[in-house]
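Visitor: I have not looked at this one before. Can you walk me through a few parts of it?

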Amino acid sequence: MRLLVDTTPLRVSRDFRRLWVGQAVSFVGSMITVAALPYQVFHQTGSSLAVGLLGLAQLGPLLVFSLVGGAFADSVDKRRLLLGVTAVSAGCSALLAVNASLDRPQLWLLYVLGAVASAAFAVSFPVLRSLLPLLLDEEVRPAAFALQSTYGSFGMMAGPAVAGVIIAGLGLTSAYVADVFTYGIALVAFRGIAPSPPVVGAGRASTTSVLQGVRFLRGHSVIVSVFSIDLLAMVFGMPRALFPALAVRLGGGPRLYGLLLSSVAAGAFVASLTSGWTTRVRRQGRAVLLAVAAWGVTIAIAGLTREPLLVLAMLAGAGASDMISGVYRSTIAADLTPDDLRGRVSGVEIAVYAGGPVLGDVEAGVVGGLAGVPFAIVSGGVACVLGAALFAVRVRPFARYERPQRSDPAEQRLQL
């Protein structure tokens, strides 16, 4: 039973339960849209490069609004801000549904709405990251991040698979409508969370406050390393933009495309359900590096084969590795960041965590268009392994980072 996910945070905090339920439901819908949007672009253009450019259109708003959102998360009521960005996201999905229902859907509108949705997500992430630690004691935070990974991986697994079925059976319009419905449920859940005004010491949102968060990071090499290793893995090792073309290469259609996206999350979901052991690992820096290396190996193998089942299995292994890495990256950042700076640091975090896959879409689209899909996938996986090895040798404080041991001597811990 110690291997099963620890549900203590759900039992001890009513507000965390509401936050978790709202995010769990809306995230499934968001993943339907995340799968439908690039598929629609590829369907209308037949170009992997066009899919990569969709990521480029989302990158600018993501980077800008993650920093702005982090400053606001520290300086205004977090619940109110969460409700606002959730409503904006629902509006974007509603407009996507209207556009998809037209006889001739507008391609430019996909890029515009994708950019707006990216901005809304960039604001919501630091709100969630800064709110969660205020709802729970420090000792249960790793379990809370594992629980978030559970709904996150489930959403990434179920959302694209459902998207593939909906698109094939009912069309793109219905996929976007389903997302709008899930946002409605999330708004109801979030309204029941207690107000969360700024913590003592938090200043007003301004350029100066944003720079204060950046200056904090300059003096904390371990947190910077947490962000950097994930950026490396996502830029070079996540061939998401190639999945439409990979599905065609493997002889499939929308359903296989949905399964390719879902397989990464399926591995993460299984890993999250058996994540009870993760709370007992002290050498968290080493755990991150091992997980990133495993991610790279499985991605590279996926690019070497044309057997759909093996590709899906390798992508699932990559997802499991990323889930383990994510739990420790989130825990390290949360433990080392003061409460009054948490929103701004989380803004930088989302700029990296979400910006990395977007840059990865661009990199994969360009390399895949110039050198072919297999080369783009394999070379990216190899780059992840080499990057993890470089961090282990050159960034010793991160590689040797251990979470401080709590006072309970009876607690057993695993050593990697």
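Predicted model: local features only at pLDDT ≥ 70, side-chain atom pairs only at ≥ 80, totals over all residues.

Visitor: Ok. At what angle do helix 2 and helix 4 pack?

Guide: Helix 2, residues 14-45, and helix 4, residues 78-100, pack at about 35 degrees, and their axes are 12 Å apart. Their crossing is left-handed.

Visitor: Which residues in helix 2 and helix 4 meet?

Guide: From helix 2 there are Leu 19, Thr 33, Leu 37 and Gln 40, which meet Leu 82, Ser 93, Leu 96, Asn 99 and Ala 100 of helix 4. By class, this contact has five nonpolar residues, four polar and no charged ones.

Visitor: Switching topic. How many residues has the largest nonpolar core?

Guide: That core has 83 residues, and the ones with the most contacts inside it are Phe 227, Leu 260, Trp 295 and Phe 398. Helix 13, residues 308-336, gives the largest share, ten residues. Apart from this core lies another, of 23 residues, including Leu 10 and Phe 145.

Visitor: And what does Phe 227 touch, leaving out residues up to four places away in sequence?

Guide: On that count, Phe 227 touches Leu 217, Val 345, Val 348, Glu 349, Val 352 and Tyr 353.

Visitor: Last one, the loop. Where does Val 395 lie?

Guide: Val 395 is in the loop between helix 16 (373-394) and helix 17 (396-399).

Visitor: Why is Val 395 called partly exposed and not buried?

Guide: Because its relative accessible area is 22%, and buried means under 20%. The C-alpha atoms of Val 395 and Ser 221 are separated by 8.7 Å, though the two residues are 174 residues apart along the chain.

Note on methods
Residues numbered from 1 in each chain as written. Heavy atoms only, no water. Axes fitted to C-alpha atoms, helices over the stretch in contact; angles between N-to-C directions. Helix = DSSP H or I, 4+ residues; strand = E, 2+ residues; numbered from the N terminus. Left-handed = near helix turned anticlockwise from the far one by under 90°. Contact = heavy atoms within 4.5 Å. Nonpolar A, V, L, I, M, F, W, Y, C, P; charged D, E, K, R; others polar. Core = buried A, V, L, I, M, F, W, Y, C linked by side-chain atoms within 4.5 Å. Buried < 20%, exposed > 50% of the residue type's maximum accessible area, 1.4 Å probe, protein only.
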